[in-house]
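Trainee: I am new to this structure and would like to learn how to read its features one by one. Could we begin with contacts and then move on to rings and strands?

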Amino acid sequence: MSYLQAEKVSKAYGMRVLFEDISLGIDEGQKVALVAKNGSGKTTLLKMLAGLDDPDSGEVNSRNGISIGYLPQDPDFDGEATVIETIFNSDNPTITAIKNYEHWLDMHSHNHTKESEIELQKAMEEMDHLNAWELENNIKTILTQFKVAFYEQKVNTLSGGQKKRLALCILLINIPDVIIMDEPTNHLDIEMIEWLETYLSRSNITLLMVTHDRYFLDKVCNEILEMDDGKIYKYRGNYGYFLEKKSERELNESRSVEKAKNLYSRELDWIRRQPKARGTKSKARVDAFDDIEKEAHKKLGDDNVELNIKMNRVGGKILELKNISKRYDDKKLITNFSYTVKRNDRIGVVGSNGTGKSTLLKIITGGLQPDSGKVVLGDTIVLGYYSQEGLQLKEDKRVIDVVRDIAEYIPLAKGGSITASQLLQKFLFSPEQQYTFVSKLSGGERKRLYLLTILITNPNFLILDEPTNDLDLMTLNVLEDFLNEYDGVLLIVSHDRYFMDKLTDHMFVFEGEGVITDFNGNYTDYRLMLLEKEKAKRQLNNKPSGGQAAQVQALVIEKRKLTYKENTELATLPVQITELESEKAALENEMSSGKLNHEQITAAALRFESINKAIDKKTLRWLELEDLK
């Protein structure tokens, strides 16, 4: 059953055409991801489908009676309203009934009057009538899950992340028939993302979203819409399937353009030789020539962003953190944390929001002083710090001037140099865009420009705080490729699990109450470890008592003695897992290169799946043997 349709919609801002005559539809129960390069109009299209913007031409229609909920990247609320007033500011009769019930429940608990008792009884009857009790429980679950407990706080005092979580809660509470989301995982910690994955995966939810989180996309969506060069392409499958089919499409397009160029050359020669007066057949051929010319001059996408900027030399001493502590009032963020950074360290930082991750980065970069302890930075270290706050620029400044203010010429890793304009082109800023004012850039384009300004300072120690927010998938793939080849130190805070798995080999885990542990492994390894701990805890809680418990304990102790064969297996498993991870990374690069034919892509996809299963199996076996040591 069709819920939402866009028929031949177009949108342009001045001379800049975002998309033209595109059509798409969302059916009941579909979960669709929209992917495209930054600045191509993803957010504009979402707003149009949500009824918040009008197309220049074409129509957007929804099925009679359905409700549409929209989560923007930057929510806009009445700043003077409190959080609880904002949550219950709804025309939904069930939510109104819950609001009335909560009001009289509070009144009756503070003032036991006859009036409050009567009104509370009426409110409870209305709750019964509307079957609102389950929704009330869901509201409490959703607010708790996203840590929205600042009910009496005014909205204009909230941070950007708090506003985004509040908007997400309101959207889920109102249970619209169609949910439209623009980057829903921004400002969420990993636990929140995993809960949202499970929630949105329910079969009765209809969803359209833009996201850069590939694990989230794979878990939730069953169809991908790609917007490229103002057109829509549909792919029924996960992200891996999308990469395969996109590669096939681009290969076919390149062949088609090459064929059209050859035909165009012959037809152009014929056109030039023909007299002005032509017969009917000649006129038909002339008309066809216009189509050939358009195809021959079609500009194929080039998403290969080369990030081969020269890096400063790394000396013997890099960074030492000595007994660092930091707290705000009674809240401990970091307590006596020490670590000596080593050459080629690739560190991921994870933990719930508010546990101190960004605080640690600011202490390292000198933007914040610790309460106690010492930060010792090596003499040769040049820090490149990509912060959540982003680059603060004058809105009337042109893109190329932003780069020229830092450097007119940029040295390359293999010798030589390039101009600021050439570097911008490698970052997908066309010559026309380079002279665009910063105020005209999309959120993702601003982040891409910000990233560029960090890299051209030649850092040998990169600190990235949520670098994936608002970047398109194409830019993310290129950024990952660059960081894989980067010889300096990496310190990354990110909720993007795919990004973390690909780039880090150990983690700083912020446990809360100032505790930071150093975990040897990537994010998936860490999650597996937590699952094993939870499993062991459940088994411990269910253990038998008395003499039977003693017998079981004796068996456990006996079981913990590894055999010679198991010791050998334990020693070789990390090597085998590393080799598989390397093969997996190589396959990912091949599959996204566009150089494989259909048979090769299919074979690579099957091998990729086989490697994933082997890694999971060997990792679980390694954890099992580690526990028995």
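Mentor: Let us start with the term itself: a contact means heavy atoms within 4.5 Å. This is a predicted model, in which local features need pLDDT of at least 70 and side-chain atom pairs count only at pLDDT 80 or more, while totals for chains, interfaces and linings use all residues. Residues are numbered from 1 along each chain as its sequence is written, and side-chain values use heavy atoms, with hydrogens and water left out.

Trainee: Which residues does Tyr13 touch, not counting residues up to four places away in sequence?

Mentor: Tyr13 touches Leu18, Thr44 and Asp53 on that count. Tyr13 belongs to strand E1 (residues 2–13), where helices (H or I, at least four residues) and strands (E, at least two) are DSSP runs numbered from the N terminus. Tyr13 is partly exposed, with a relative accessible area of 47%; buried means under 20%, exposed over 50%, and partly exposed in between, with a 1.4 Å probe and protein chains only.

Trainee: How many aromatic pairs does the structure hold?

Mentor: In general, a pair of aromatic rings is described by the distance of the centres and the angle of the planes. Rings of Phe, Tyr and Trp (its six-membered ring) pair if their centres lie within 6.5 Å, and planes under 30 degrees apart count as stacked, over 60 as edge-to-face and the rest as tilted. The structure holds 12 aromatic pairs. One of them joins Tyr101 and Trp133 edge-to-face, at 5.0 Å centre to centre and with 80 degrees between the planes. Tyr101 lies in helix H3 (residues 93–110) and Trp133 in helix H5 (residues 133–145), so this pair ties together parts that are 32 residues apart in sequence.

Trainee: Are Tyr101 and Trp133 buried or partly exposed?

Mentor: Tyr101 counts as buried, at 11% relative accessibility, whereas Trp133 is partly exposed, with a relative accessible area of 27%. Phe337 and Phe508 also form an edge-to-face pair, with ring centres 5.2 Å apart and planes at 80 degrees. That pair links Phe337 in strand E11 (residues 331–341) to Phe508 in strand E19 (residues 506–512), 171 residues apart, and both Phe337 and Phe508 are buried.

Trainee: How many bridges join strand E8 to strand E9?

Mentor: Two strands pair if DSSP finds at least two bridges between them. Here 5 bridges join E8 (residues 223–228) to E9 (residues 231–235), and the two strands run antiparallel. Within this pairing, Met227 has Ile232 of E9 as its bridge partner.
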